[in-house]
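Please keep the model in view while reading.

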Amino acid sequence: TEKNEVFECAEGIRVVRNGQTSSILDFKKGDYVNLTLKNGKVTVISAEQQTTYVQDATVAEILFEDNLAIKIEHPEDEYNGKVFNVSADVKVIRNDATKTMADILRGDRVILTLEYGQVTKVVATSSKKSYEGTIREIHITSKPSMVVEINGKDYTYDIPSSISIKVNGEPATIYDFKLGDVAKITIESQA
């Protein structure tokens with residue numbers, strides 16, 4: 001059964017469509033509408049078209065908490081720092097191959113397809129870079145990482161489960177690293 005609710009609008013209500021100040025007259029059939037309430041009154045009415053594309057974004061973080069979500073960095077303020085929920089049946093393409101969200105790394109460049117504000121497709125591209133530095137910290141947790149000093153500055157790198165590790169040219173694991181070791185690392189994006 002459908003349930004209709006009526007809300008009173010606050011004075012000075014803000015209306016936004018697709019991230020831009022707008023008018024309710026600009027809303028289209030099929031728009032996804034979100035109401036922001038304060039003290040039971042509507043203060044913001046925000047609408048997005050059914051399908052939206054976010055281009056030129058960089059992955060800031062993949063969140064695996066209550067719901068799978070992606071946080072992005074973007075040159076436009078309306079998207080920068082924004083967190084988008086990810087659909088359970090999201091389609092993921094990374095470097096021209098079908099992947100999963102677990103393969104997406106911080107620093108990947110992405111184009112997101114949103115359906116009613118939820119990510120339904122991610123097209124990601126990584127970049128590879130090599131560095132040499134000294135291992136300063138190793139964090140063995142559910143999301144392992146290490147701190148490597150490169151040219152006098154500390155950098156933190158995630159260590160994905162798919163990583164290939166070699167010590168003295170031989171296959172190894174994260175447990176074979178020692179603080180103070182000099183490491184040559186090749187990273188994808190900002191893994």
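**Pocket lining and salt bridges**

The lining of the second largest pocket divides into eight nonpolar, nine polar and four charged residues. Here Ala, Val, Leu, Ile, Met, Phe, Trp, Tyr, Cys and Pro count as nonpolar, Asp, Glu, Lys and Arg as charged, and the others, Gly among them, as polar. The model is predicted: local features need pLDDT of at least 70, side-chain atom pairs count only at pLDDT 80 or more, and totals for chains, interfaces and linings use all residues. Residues are numbered from 1 along each chain as its sequence is written, and side-chain values use heavy atoms, with hydrogens and water left out.

**The second largest pocket**

- The volume of this pocket is about 480 Å³. A pocket is an open set of points on a 1 Å grid over the protein atoms alone, where a 1.4 Å probe fits, with protein on both sides within 12 Å along at least five of seven lines. Its volume is the space filled by probe spheres set on the points, which are joined across faces, edges and corners.
- The lining comprises 21 residues; lining residues have an atom within 4 Å of a point. Asn34, Ser46, Glu48, Lys82 and Phe84 lie nearest the centre.
- At least two lining residues come from each of β1 (8-17), β3 (32-38), β4 (41-48) and β7 (83-94). Strands are DSSP runs (E, at least two residues), numbered from the N terminus.
- β4 gives the most, with four residues.

**Salt bridges**

- There are six salt bridges in the structure. Each is a side-chain nitrogen of Lys or Arg within 4 Å of a carboxyl oxygen of Asp or Glu.
- Glutamate 8 and lysine 41 pair at 3.5 Å, N to O. Glutamate 8 is in strand β1 and lysine 41 in strand β4, so the bridge ties together parts 33 residues apart in sequence. Lysine 41 is partly exposed, at 34% relative accessible area (buried is under 20%, exposed over 50%, partly exposed in between; 1.4 Å probe, protein chains only).
- Glutamate 48 bridges to lysine 82, with the closest N and O atoms 3.8 Å apart. Glutamate 48 lies in strand β4 and lysine 82 in the loop between β6 (68-73) and β7, so parts 34 residues apart in sequence are tied together. Glutamate 48 is buried at 16%, whereas lysine 82 is partly exposed at 29%.
- Aspartate 108 meets arginine 94 at 2.7 Å, N to O. Both residues are buried.
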